[in-house]
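Dear colleague,

I am passing on the structure that we spoke about, and I would be glad if you could look it over before reading my notes.

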Amino acid sequence: MRDSGTGSTAPRRSRPSRRTVLAATAGVTAALTVGERAQAADEGAQAADQGGDTKLRALISRMTLEEKVGQLFVMRVYGHSATAPDQADIDANLKEIGVRTAAELIAKYRVGGIIYFAWAHNTRNPHQIADLSNSIQKASLEQPRGLPVLISTDQEHGIVARVGKPATLFPGAMALGAGGSRADARTVGRIGGAELHAIGIRQDYSPVADVNVNPANPVIGVRSFGADPDAVAGLVAAEVKGYQGSGVAATAKHFPGHGDTAVDSHFGFPVITHSREVWEDLDAVPFRAAIRAGIDSIMTAHIMVPALDPSGDPATLSHPILTGILREELGYDGVVVTDSLGMEGVRTKYGDDRVPVLALKAGVDQLLNPPNLDVAWNAVLNAVRGGELTEARLDESILRVLRLKAKLGLLTDPYVTDGGVDRTVGTPEHLRAADRIAERTTTLLVNKEGLLPLSRLRTPNVLVVGADPASPSLSDGPPTKVLATALTELGFTATALSTGTAPSTATIDKAVAAAQGKDAVVVGTYNVTATGSQKTLVGRLVATGVPVVAIAIRNPYDVAHLPSVGAYLAAYSWTDVELRAAARAVAGEVDPRGTLPVPVQRADDPTQVLYPIGYGLTY
């Protein structure tokens, strides 16, 4: 067994037995057996919902009110270990949550879920994550009437990934939209889900079901599969089936649709001005597809949609949207989870003590990551004691959460093994699949005079410059180095020079000097604007006379601002797997096969389309 250094982490070679787990959830054996079978078949999942409810209700009836309140919360916690995190993480936990460790968090608040983040140091490597998951489950099951914890994360792939290398990292949603293959989307879900399952994560806040029709969208963008609602719907449904076929709950987000906003709900309160008719034809389509595909959970958006609810409340707190539309009109009876309650979009109108209560009244089941757990937890407790919420309302949501835990097999055996990690996570087969899928997504938008592919004989010396944003998973990059290394491995002599997202005049001068004597320059662009210095950098490089190949390492819209480049590729993300695929396309090892899943408007007249959906060149 790999020693995680915690000292009291449950060893997985001698992990609690099936009998121990069942004893901890006495009285639900029949439901659990159905739930285990449900992992492999949708029919079994339906049986678990129906035949197991009586047993699950009996389990709920034995809970104290405090335990019921805890089941509704999904909380962050710092540390690589549930019992012995680093001192800095203990300090952060004490400051933000009032506990030292994940085990103390569970003992004090009896939370039903925990969310993992790379920045919270939960996800250092697969074996450590598995150890953390096991010790979280052990801590919860050791409590009176203890229940397994539903561990979740945001593993969208692309620019949002909490679990990094050596796990398999796939292209993100817009890249998959460029590939257009539902089979590839399902493979991403299947393999990505299997790897999450192996490390104890059973709920993934993915896929993004938002239709990105606003190029200025600061929070969704390449996290969306595209701008065509039917194409997005097909890819959403495929990825859902992939994840859930691997025993991980997928989560379609952000209902009722966050794709047409220029405001980031992390920092502001977006208003979506779509009419009801536009919402039906655009935003609702992928969510309907997810529901038809049997989606296990749906995440709410902290956005105002006056056409759906004129009250001015965010959708997360809207009874007309979550109950009237999602539950009653769309017929969804699965788990509804909020987006993070620490985001500004849900805190603008109401205080942190009102938000969780109003969310439950609106129809939410899981309250995700409140900024102050003690305030939120006590607010719900006091709302029940004071009569604003009924205990029966809590029971309704707890039943949905327990149904999901049963379906996922958590009530049968929540533990994972070292062998399972080794057999599943980051295997050569999975890594090859990621590379092949990425090759089908790279999109060639400009290729003047057949500049691409570059020739190792005619253009052997290449300079790579551009933006080097931080790795989403904290495990790969920087992009200029990844591109230069990949081109060198393909037979070029490539050097890297990081110029950043806002290069200074001195940096631009340095890049121009470095381009002298080179045969070609490859520049990675990141959200270019009409007046930004990235545009100046590219213009200066083009003026040297050295051929310039640009690669959009985030939004494909950059190309509209850079008409002078010799060739332009869209990679849709700056993660290694997509950058390596772009390098192979530059070198002619593979033909670019992707097509735009969103339109690119003219920079000088956004009412005119420069490159339509479906546009893409090849060799």
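The notes below cover confidence, then a sheet, a strand pair and a helix pair.

This is a predicted model, in which local features need pLDDT of at least 70 and side-chain atom pairs count only at pLDDT 80 or more, while totals for chains, interfaces and linings use all residues. Residues are numbered from 1 along each chain as its sequence is written, and side-chain values use heavy atoms, with hydrogens and water left out.

The average pLDDT (the predictor's confidence in each residue, from 0 to 100) is 92, and 92% of the residues score at least 70. Over residues 1-49, however, pLDDT stays under 50. Where pLDDT is low, the predicted coordinates should not be read in detail.

Helices (H or I, at least four residues) and strands (E, at least two) are DSSP runs, numbered from the N terminus. Five strands form an open sheet with parallel pairing (at least two DSSP bridges between two strands), in the order β6-β3-β2-β1-β10. Because β6 (203-204) and β10 (367-368) are the edge strands with a single partner each, one side of each has no neighbour in the sheet. Strand β3 (residues 150-153) pairs with β6 over two bridges, and Ser-152 has Gln-203 as its bridge partner in β6.

Finally, the axes (lines fitted to C-alpha atoms over the stretch in contact, contact being heavy atoms within 4.5 Å) of helices α21 (residues 479-489) and α24 (residues 576-586) come within 9 Å and cross at roughly 40 degrees.

Best wishes

Conventions
Axes fitted to C-alpha atoms, helices over the stretch in contact; angles between N-to-C directions.
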